[in-house]
Amino acid sequence: MKTWELNAADVEPHEPQILSSAADARTVLLHLPAGEELQEHEVHERARLIVVDGEVEVTTPQGARVSAAAGRLLEFEPGERRTVYARSDARLLLFLTPWPGDGHPGAMALEEKGNARQRAAQHAHG
């Protein structure tokens, strides 16, 4: 058995701490200082975000907005975009399942990674 004391773990702003990573899921602890945000983003996996401490506001590109304090669980579909803004210093626990999800660079074969990089370069240059 493994255990973590989420409120006491030493996690620095801008340095997410991977607590656990296995074939079925990845668990990440984040510290988001008051007034900062995780800019609009998405992941390839289903994401479950638990507010461990503090308060955040989560916004979707469609304009849905939810305030979430300690104890709130939010769930996002793979590819669902969102912005997370810290109304106060916030400690967040993120579960990603399955790990890695379809299309995640870690799940791609080397040839697929090369093709993805080539497509990204073409997209960036016009």
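Strands here are DSSP runs of E with at least two residues, and helices are runs of H or I with at least four residues, numbered from the N terminus. This is a predicted model, where local features need pLDDT of at least 70, side-chain atom pairs count only at pLDDT 80 or more, and totals for chains, interfaces and linings use all residues. Residues are numbered from 1 along each chain as its sequence is written, and side-chain values use heavy atoms, with hydrogens and water left out.

Let's start ahead of the sheet. H14 sits in the segment before strand 1 (17–21). Its phi is positive, about 70 degrees, even though H14 is not a glycine.

Five strands make an open, antiparallel sheet in the order 1-2-9-4-7; two strands count as paired if DSSP finds at least two bridges between them. Strand 1 and strand 7 (73–76) are the edges, each pairing on one side only. On average, neighbouring strands are turned by 20 degrees against each other, direction ignored (axes are lines fitted to C-alpha atoms, for helices over the stretch in contact, with angles from 0 to 180 degrees between N-to-C directions).

Strand 9 (residues 90–97) has seven of its eight residues buried, buried being under 20% relative accessible area, exposed over 50% and partly exposed in between (1.4 Å probe, protein chains only). Strand 9 pairs over seven bridges with strand 2 (residues 26–32), where T27 stands opposite F95. Strand 9 also pairs over seven bridges with strand 4 (residues 46–53), and there D53 faces R91. Strand 4 and strand 7 pair over four bridges, with E75 as the bridge partner of R48.

What about charges? There are five salt bridges, each a side-chain nitrogen of Lys or Arg within 4 Å of a carboxyl oxygen of Asp or Glu.

| Salt bridge | Closest N to O |
|---|---|
| R46 and E77 | 2.9 Å |
| R65 and E57 | 2.7 Å |

R48 in strand 4 and E75 in strand 7 are 27 residues apart in the chain. R46, R48, E75 and E77 are linked in a salt-bridge network. R65 is exposed at 55%, whereas E57 is buried at 11%.
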